[in-house]
Amino acid sequence: MKSHARVVVIGGGVVGVSTLYHLAKKGWGDAVLLERTELTAGSTWHAAGLLPLFNMSYSVGQIHKYSVAMYQTLEEETGQPVGFAKVGNLRLANTRERMDEYHHYAGTARTIGVNVEFMTQAEIKEMVPFCNAEGLIGGILHPDDGYIQPADLTMALARGARNMGATIHQHTPVTAIERTASGEWLVKTAKGDIACEHVVSATGNYARQTGRMVGLHIPSIPVEHQFIVTEPHPLLIERRKNGEREMPVFRESDASYYMREERQGLLLGPYEKGAPACFVDGVPSTFEKDLFPGDLDRLEPHIEAAIARVPLFGEVGVKEVVNGPIPYTPDGSPLVGPAWGLPNFWINEGHSFGVTAAGGAGWQLAEWIVEGRPTIDMLGVDPRRFGDYASKAYLKAKNEEAYEHVFVIHYHDEERPACRPYRTAPCYERMKTLGAVFGQKFGWERPNWFAPEGVEPKDDWSFRRANYFEHVGNECRNVYENVGVLDMTAFAKCQISGPGAEAFLDRLVANRLPKAVGRIGLCHALNQTGGVRSEFTIMRDAPNRFYLVSAGALERFDLDYLAKQLPADGSVRLDRLTTQVGVLVVAGPRARDLLQRVTDADLSNEAFRWLTGQFVDVGLAPCRLMRVNYVGELGWEIHHPLEMQNHIFDTLMAAGQELGLKPFGIRAMDSLRIEKSYRMVGTELSIEYAAYESGLDRFVHPNKGDFIGRDALVAWRERGFDNAFVTLEVGDITDADALGNEPLYKGGEIIGRATAGGFGWRVGKSLALGFVRPDLAAPGTEVEIEILGNRKPATIIAESPYDPDNAALRA
Ligand SMILES: Cc1cc2nc3c(=O)[nH]c(=O)nc-3n(C[C@H](O)[C@H](O)[C@H](O)COP(=O)(O)OP(=O)(O)OC[C@H]3O[C@@H](n4cnc5c(N)ncnc54)[C@H](O)[C@@H]3O)c2cc1C
């Protein structure tokens, strides 16, 4: 065995082998894969081989699309058949809500170029004549989808990788991974050690064991998943004999199962309630290429539903029950990207649809390792989207929930119940008493909206205007007319200090750093190509000390980036402050009145200007007041010692009674920010769009000196842009606003996509944010937006339809 390689991939399932293949394809033939037993011996050998393109996530959708296209070329490239049966994939709908989900998904599909067609009940019956179509209101068909033989696919990828110079060692378990003094990784096996620059962990059900070798708590625990295969059915035998086409992969989402033909019988795979997490403390050494005993009782309701829908399923006996471990994560999406806190250690784990995702995940990870960045926005699968809060107990409960929720309707405003409440700000109980209906972000409970007296504090999720619509409207109105208070404790916060702090941050962000102590700047960290990876609000606390605030959900993502960029000479120090500092936002025309009653600091416009901060007392508590907010009103963020939050909250509520102070939630904040055309990382800000495409011109200063992404951004501008950020007014709305990911059309052609939308209560209009072709971005341009299957007229309008001159913010 070699003693040195550029990269070592651990794990010979479909995901590891695809990573190896794509690394070799990018020219890194000096790549070695180590497999503890045989290729496919983990979960891959017993997978059902389905390749569902359907996925509500923008990142995962693109990954799946790549895989399905690429798998079709492998046989020709390698000479190894992969058994791709392009039979299509038909998902059924029994309710209008389900159909709304499909229409919403179809928007994402169309914007990323995935082909979908809607089917009527009659068309479904024609396609699958032996199904009972009663009660169906329609369906969605992916004609390019189907199934594959997972083991053959893995072997084809392995052959392709070897052809390009990569090496595979089977029966070579990795026993330890160490970091050498020279900064390399040393991967240890019984057959010898390999020193390498990069390590990729692609070990499926063993992810946590592999993580432990390097002190990493990888947030993946498997769950049991079963499918049943029947004996051959005479009708299916007959159909094959007559050359009739195979039925598409068939999913009755409302009964939570998939079905396809298998060796002239049927294969049924339910996603049932009560499937247990497994290998919580690691895979025992006794479990090799094994399965768990089948548990048909658990599948009973789904078997009955399948028989009702496809009666011939009940007419033949069960030949085989396959019950195997399937890697899972709390949100059901995989973990693809860099490990936090470790250089050159990469994760390709947590794949619950790993056969489908392997191609795209291997491709993007190889881009990331070789080029230093992926080419598609990978936020939805980045391993750093979870934090330390994702304990073993949390993962077990959340992963079981994610499994059980595979077929629930994925409402855009869905909030799942497991492990809640968990991370709570001190004011949680007070907010609850005031009617808060909470959502969860990065484990934190945050009020989404407030139910007034007499209204049940409960969500009724919908792709249309939901039960909270008018209550959110009232919250917005109170912010606009009086003053509101919002809990933003979940914000990520840290301090950067030391003699090298200014130079360090200056190289990292595209904006000029705030010059004077007490000034605040909105600063974006670009990636090497000039796209936007992070947004920080930065306040200068001292000549060499800065306070940084960024999105709560991206805490590990942002802080890991900062930590990895720190100079080795110790001249810059990073201190994480998230769980020490709480944040309450007060905003609205009476915000100054309110705060002036609880502090002796001078809050006049002259003494406390917009985009500045000061350290002042609020009640008894020493606070940092920052005159910024994300809702476009006069307001301050109060950053405070977390343990003093309730004192501050009570002080504000008492002082604010006669000013009309009321709490507001995240949903109101979102409506208010859309009216200001404020961008958000993950939607309007992404590595897929140049900072200029996102309209960040006033925050980007290429002449300030060098910073990461500068030259690439300037070169991108010279090449010309494909997109321009726009704000749209949407017409002809009855009960469904844009939500994000809707296609935008001009003359029947897709010319862009919406990234967010909602009703703007201050302007009284339905609005959307998005990107269009630059030649169509001028205000006044008429386009169309597809909302839940209906094309609606939309007009591009000037940015910030509410208060474009920021008069309220500067008041
Ligand atoms: C019943 C069932 C049906 C499924 N059906 C589908 C489907 O239809 N479509 C779909 O997309 N997905 C399906 N899946 C999921 C799919 O099987 C997995 O997502 C996929 O196989 C994961 O691949 P992987 O390469 O990540 O992991 P694995 O296939 O488990 O591979 C990991 C490999 O790492 C090796 N390894 C671990 N530790 C070490 C070490 N220390 N040193 C060296 N090697 C190590 C293991 O031996 C193993 O071979 C199904 C799963 C189940 C259980």
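Is Ser497 buried or exposed? Ser497 counts as buried, because its relative accessibility is 10% and buried means under 20% relative accessible area, exposed over 50%, partly exposed in between (1.4 Å probe, protein chains only).

The model is predicted: local features need pLDDT of at least 70, side-chain atom pairs count only at pLDDT 80 or more, and totals for chains, interfaces and linings use all residues. Residues are numbered from 1 along each chain as its sequence is written, and side-chain values use heavy atoms, with hydrogens and water left out.

**View 1. Ser497 in strand S20.** Strand S20 covers residues 492-497 and contains Ser497. Helices (H or I, at least four residues) and strands (E, at least two) are DSSP runs, numbered from the N terminus. Contact means heavy atoms within 4.5 Å. Neighbours within four places in sequence aside, Ser497 is in contact with Asn544, Arg545, Ser571, Val572, Arg573 and Asp575.

**View 2. Val187 in strand S8.** Val187 is found in strand S8, residues 185-189. Val187 is buried, because its relative accessible area is 0%. His4 is 183 residues away along the chain, yet the C-alpha atoms of Val187 and His4 are separated by 9.7 Å. Leaving aside neighbours within four places in sequence, the contacts of Val187 are Val8, Leu34, Val174, Ala176, Gly192, Asp193, Ile194, Cys196 and Val199.

**View 3. The largest nonpolar core.** A nonpolar core is a set of buried Ala, Val, Leu, Ile, Met, Phe, Trp, Tyr and Cys residues joined through side-chain atoms within 4.5 Å. The largest has 57 residues. Leu20, Leu74, Leu153 and Leu157 have the most contacts inside it. At least two residues of this core come from each of strand S1 (4-10), helix H1 (14-25), strand S2 (31-34), helix H2 (58-78), H3, helix H5 (150-163) and helix H9 (354-371). H9 gives the most, with eight residues. Beyond its neighbours within four places in sequence, Leu20 is in contact with Val9, Ala31, Val32, Leu33, Ala161, Ala166, Thr167 and Ile168.

**View 4. The largest cavity.** Rolling a probe the size of a water molecule over the atoms shows where empty space is left. On a 1 Å grid over the protein atoms alone, a cavity is a set of points where a 1.4 Å probe fits but cannot get out; lining residues have an atom within 4 Å of a point. Grid points are joined across faces, edges and corners, and a volume is the space filled by probe spheres set on the points. The count comes to four cavities of 30 Å³ or more. The largest cavity has a volume of about 60 Å³. Its lining holds 13 residues, and His103, His104, Glu742, Glu786 and Leu788 lie nearest its centre. Helix H3 (96-112) and strand S34 (782-787) are the elements that give two or more residues to this lining. H3 gives the most, with three residues. The lining of the largest cavity divides into five nonpolar, five polar and three charged residues. Ala, Val, Leu, Ile, Met, Phe, Trp, Tyr, Cys and Pro count as nonpolar, Asp, Glu, Lys and Arg as charged, and the others, Gly among them, as polar.

**View 5. The second largest cavity.** About 50 Å³ of space lies in this cavity. Its lining is Leu486, Met488, Phe491, Val585, Asn629, Tyr630, Val631, Glu637, Phe664 and Met669. By class, eight are nonpolar, one is polar and one is charged.

View 6. A salt bridge is a side-chain nitrogen of Lys or Arg within 4 Å of a carboxyl oxygen of Asp or Glu. The structure holds 54 salt bridges. Glu272 pairs with Arg298, the closest N and O atoms being 3.0 Å apart. Lys392 forms a salt bridge with Asp281, with the closest N and O atoms 2.7 Å apart. Lys392 is in helix H10 (residues 392-404) and Asp281 in the loop between S13 and H8, 111 residues apart. Lys392 is partly exposed, at 35% relative accessible area, whereas Asp281 is exposed, at 56%.

Definitions and conventions:
On a 1 Å grid over the protein atoms alone, a cavity is a set of points where a 1.4 Å probe fits but cannot get out, and a pocket is an open set with protein on both sides within 12 Å along at least five of seven lines; lining residues have an atom within 4 Å of a point.
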